[in-house]
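Let's walk through a few local features of this model together. Have the coordinates open as you read.

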Amino acid sequence: MTTYSNCAPVFVRRCEDYNEENLYLVLKESLSALGISPSLFAGKNVLLKPNLVMAKQPDAAATTHPAFARAAARLMHDCGAASVTLADSPGGPFNEAYVSVVYNTCGMKAAAADGRFVLNADFGFSEVHTDGVKLKTLNILNAVRQADVIVDLCRLKTHSLTGMSCAVKNLFGVIPGVEKFQMHSNFPEVGNFSEMLVDLAQYVTSEKTFLAVCDAVVSMEGNGPSHGIPKKTGLVLVSQSPFSLDVIGERIMFGAKSDDTAVVKHLDSASARGIMPRDWRKIDVVGDTDYDVFDFLPPDTGAGYLLKNLPNFLGGKLVDVFSARPVINEKKCVGCGRCRDSCPKKTIRIGRRGEKGKRIAVILRENCIKCYCCQELCPLGAVDTKQNWLIKLIH
């Protein structure tokens, strides 16, 4: 019998809306179904780590719904937690002014108003060392360092670079602010970036008591993680392993495609290390074992992100040639500079175009690593992707 280093059952339950009482009952049931004792959280400092990628309203499905934060905080208090704090580092500067706007827009400020949980007010970070394959040192939020328990409040979404954003990818937000852009620069190839994500998740789960709670009531398809289309999936997923949860999340998102296509590269990497089985059939599921599966619309990168999962054939040149490239939608762009500031390789400048000299972003192709940070963090959705014509024809 194979022994895996970070594998656990996944609780799945149908949940049709964001009624807070219903969410609380589902989360309470999950602990019992997974055999998790409330004593695991008693007397502990609990950190809720939502997905707050950018300032978006809750109904956009880009961020964790605030009702999940309130339900999870209530459950932690019922389990005897000493404190419950919510913290994230969105895509941008990690400072009070910027993060406060994100908290407010995403509904977390209002959700915390009655004191069920407090919003993180410590914008410091510190260096830690890991024994990862790719990741050896990194900075993480002080709020993460100081917590005893991490509750990973992820949302089920497509992702232009990684294929899927769920429990593992959500932990990327423990890295402060613009240092996440540096990670993209350090690991420009999706295989190495995926290995880094596995290293990070392994570090967090080895250092802390961990619980992943996935908001899949309304998920996101298309140009995730920020500018996709909300998709009603009506599910809640819970597990003590972010890797196991992601395997089931991939199955829910891509249905039969997940049986024979490496949609999510970091799951391949984790399985190769013996962390968990790659086959969803080998992950124990409790609760609604006959859960629905879907065929999510992929990002505009389409076959491009699948192509980037291929080995470095011909030195990686084939992958580079055929991968979808980001392009500026000049009708939407207002030249705000957010894409320029988020570009890991500093390949974007703000120039002027047309008779009226409209300010607009310009991508300098020479150093573009196709990480799609510009698309992810543009507040107006003014960055599209363009596939190679041959790949588009085949796809």
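Q: Which residues of helix α7 (residues 179–186) are buried?

A: This is a predicted model, where local features need pLDDT of at least 70, side-chain atom pairs count only at pLDDT 80 or more, and totals for chains, interfaces and linings use all residues. Residues are numbered from 1 along each chain as its sequence is written, and side-chain values use heavy atoms, leaving out hydrogens and water. Helices here are DSSP runs (H or I, at least four residues), as are strands (E, at least two), numbered from the N terminus; buried means under 20% relative accessible area, exposed over 50% and partly exposed in between, with a 1.4 Å probe and protein chains only. In α7, the buried residues are Lys180, Phe181, Met183, His184 and Ser185.

Q: Which elements do the buried residues of α7 pack against?

A: Contact means heavy atoms within 4.5 Å. The partners of these buried α7 residues are β6 (137–141), α8, α14 (338–342) and α15 (373–377).

Q: Is proline 93 buried, exposed or partly exposed?

A: Proline 93 sits in the loop between β3 (83–86) and α3 (96–105). Beyond its neighbours within four places in sequence, proline 93 touches Tyr98, Val99, Gly177 and Val178. Its relative accessibility is 36%, so proline 93 counts as partly exposed.

Q: What is the handedness of the crossing of α8 and α11?

A: A crossing is left-handed if the near helix is turned anticlockwise from the far one by less than a right angle, and right-handed if clockwise. For α8 and α11, the crossing is right-handed.
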